[in-house]
Amino acid sequence: MPRFINLPLIRYYPSLQNKIILWRILWGVNIAAYSWLAIWFFKQPFSISSDDALFFIGGVKSFSILEFRPHFPGYPGFILLAKLLTIFGLSPENSIRYISILSALAIPPLSGLLIFYKVKQQFAAILTFAAMLTMPLLPLLGLLMLSDGCGIMMLLIALILQENKKPLLAGIAFGLTLSIRPSFLLIVIIPQVFLMIKNARTLNFKISMPLISGFVICGMVFLVGLFAIEGYGLLNEALRFTSGHFSLWGNNILSDNDDKKNLFDMAYQAPLLATIMITLLITSTVIAIKNIKLKQYNDILIITLTACIWVFLFQNPENMRHLSLPLILLILLITSAMQSKYYMIILIGVISIQSLIFIAHLTNPPALSPLAQIAKNLIHNDEEYMIITNHGVAYLKYKLPMHRISDAYYKNRVKYLLKNKNSFKIYIISSNKIKEYFNETIFNGRVLGEKNLILYIQQAKYRHDNF
Amino acid sequence: MPIVNHKIKSPVIIMLSIMALIGSLSIKPASAYSYAAAGKEPLIEASEAFYKAFNDDAYDDLQKIYLPFRKEIEYLDINHDEGLLLSFDDAVSEKDDKLIINALNRAVIADISRRLNAALINIENYQMAKILIIKSKQLYDIMAQSYGAEKRQTIYDNLDICLNAIGNPGIFGVGKKPVDATVYKSALDKILSIIAK
């Protein structure tokens, strides 16, 4: 029989049991910090940080995957939620923005609630809340206007419903998670299937059947809806996009192709985040090995494992936002198995480091995204430029219709363009250092994980006047 | 499940997974994205190959790049732009980058006109017309920068008019919009008249 761990902390510190005042102080600090984060979020000006965000806004206005409104796989749940907000009078731009902010803000309370239901301990819930609130990528999730934060929020809701033995609703919530963030497919399905196989002998059909049917029904509604809107073009787009995701889009042209970033480069760029990640990984590995039999966090363990493998192997390491799901799940794994004071001390250590980043973020004044800053910088110029970029091609085309925007994805064409005579001033936007160009202006990311963009002007020796 | 087995197996699985994780750190997956990358487009793929040859001064490779792609040009020549094949053949045999780029642009224009005309013929088939127009737009995207701001925008605007003119069958009839072939035709004529200049 597994040991249940309802009272490990109280076992170590019996005096904690009665210290209601202590809980109140801790909650007070947490809620103050939470309000600070909320105010900071809402003080940020509206600014688009990537083409994907622009595509989502387009999707709210008029949904069409083939026209990149939004890009494949369509994120129908996310668009639907944003559309719901437009009913209350919000513009498509603001509905995407507020969903992004509100779902980031929902992550700490939902995580705290999940852990409270799991271990029935106030202190574990407080620690979870604090760890999520100070999670270094939370501001990024709120500001990006993408579906990441919303997907994580829905996953947490699904886990809470599952914990509370509401299988039908949990199944629907898992389905909604996928409609918001389809790349969570394996993270949702593998753990559930694994747990069902593992518990095959004791499987309760009253729980598993509603779960599966809720999930399948919700999934089918969205799939049939998408197919009804897009027709067979959707299948072509699915093939093109999926194969592209795994094999095609390797795109750093202006520096050579060997210059792609991997997770080690990311660790070098954000050492504190890497320290947190490694600490959490090691701690949860120790917990997993020591307490493998505990039913209590079996599901979190297997979800975390799947998420880590999926994100580290198949997601683009240049986008740090992808690391937020493993980070959140690792924290949940540790807090749901808080058996020893050592884990607690480690977690408090992690929260302290995170708090430093949290304060650093929140003392930054409101700012525009690097892409929006560049657009603002170039918009007032009447002279016609050529802008070569692999960041925000669609956004820049939309924002700067007077300039010639070249997609740096077509690297040979662009290299030819740069080598040969042309009559325009050429700007290059890149997140990498390019040696042979000068006159660089750096536009800093607002928060940890948002790339800095560098605007270069082509060096004079490459310029000729008569094309 | 017997507890003994369970005890041995699970840590092994976890250790293996952690090794897989650590191994994965050294893998370098694809970096930045370009969702607009048009997938299998023979014209775009061939033009990238031509530009690569120009950049590397590999003018002897031009014929090698051209041969497998020549049948596309032949098709466009027969059906949409008479004389295209001849000028492309000449450009490649003269190994002149400017001439080849001109021929490539001419081929792109012929292909855009082929697709937009095909969409007009199939205007009652919403899905097909839509895909044809969107594919034309993707093709136009890569050469749009060679036009001045005004022309470039007019073509984009008219492509949007085309997309609207094919209507929309709606979802099970909800949100249905009618087809307007006259509007489509005038936008198409406008695009073709500007793009060819």
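## Helices 3 and 4 of chain B

In this predicted model, helix 3 of chain B packs against helix 4 (residues 84-94) of chain B at an angle of about 170 degrees, and their axes are 9 Å apart. Angles over 145 degrees count as roughly antiparallel, and helix 3 of chain B and helix 4 of chain B are therefore roughly antiparallel to each other.

Helix 3 of chain B contributes B:Leu62, B:Gln63, B:Tyr66, B:Ile73, B:Glu74, B:Leu76 and B:Asp77 to the contact, while helix 4 of chain B contributes B:Leu84, B:Leu85, B:Phe88 and B:Val92. By class, the residues of this contact are eight nonpolar, one polar and two charged.

## Helices 2 and 3 of chain B

Helix 2 (residues 42-55) of chain B also packs with helix 3 (residues 62-79) of chain B, at an angle of about 165 degrees and with the axes 10 Å apart. Helix 2 of chain B and helix 3 of chain B are therefore roughly antiparallel to each other, and the crossing is left-handed.

On the side of helix 2 of chain B, the contact is made by B:Pro42, B:Leu43, B:Ala46, B:Ala49, B:Phe50 and B:Ala53; on the side of helix 3 of chain B, by B:Leu62, B:Ile65, B:Phe69 and B:Glu72. Nine of these residues are nonpolar, none is polar and one is charged.

## The largest nonpolar core

The largest nonpolar core contains 181 residues, and A:Leu156 and A:Ile328 have the most contacts inside it. Helix 8 (residues 148-163) of chain A supplies the largest share of this core, eleven residues.

Apart from its neighbours within four places in sequence, A:Leu156 is in contact with A:Ile107, A:Leu110, A:Ser111 and A:Leu114.

Technical notes
Residues are numbered from 1 along each chain as its sequence is written. Chains are lettered from A and ligands numbered from 1 in the order in which they are written. This is a predicted model: local features need pLDDT of at least 70, side-chain atom pairs count only at pLDDT 80 or more; totals for chains, interfaces and linings use all residues. Axes are lines fitted to C-alpha atoms, for helices over the stretch in contact, and angles run from 0 to 180 degrees between N-to-C directions. Helices (H or I, at least four residues) and strands (E, at least two) are DSSP runs, numbered from the N terminus. Angles under 35 degrees count as roughly parallel, over 145 as roughly antiparallel, 65 to 115 as roughly perpendicular and the rest as oblique. A crossing is left-handed if the near helix is turned anticlockwise from the far one by less than a right angle, and right-handed if clockwise. Two residues are in contact if their C-beta atoms, placed from the backbone, lie within 7 Å. Ala, Val, Leu, Ile, Met, Phe, Trp, Tyr, Cys and Pro count as nonpolar, Asp, Glu, Lys and Arg as charged, and the others, Gly among them, as polar. A nonpolar core is a set of buried Ala, Val, Leu, Ile, Met, Phe, Trp, Tyr and Cys residues joined through C-beta atoms within 7 Å. A residue is buried if 20 or more other C-beta atoms lie within 10 Å of its own, exposed if 12 or fewer, and partly exposed in between; C-beta atoms are placed from the backbone.
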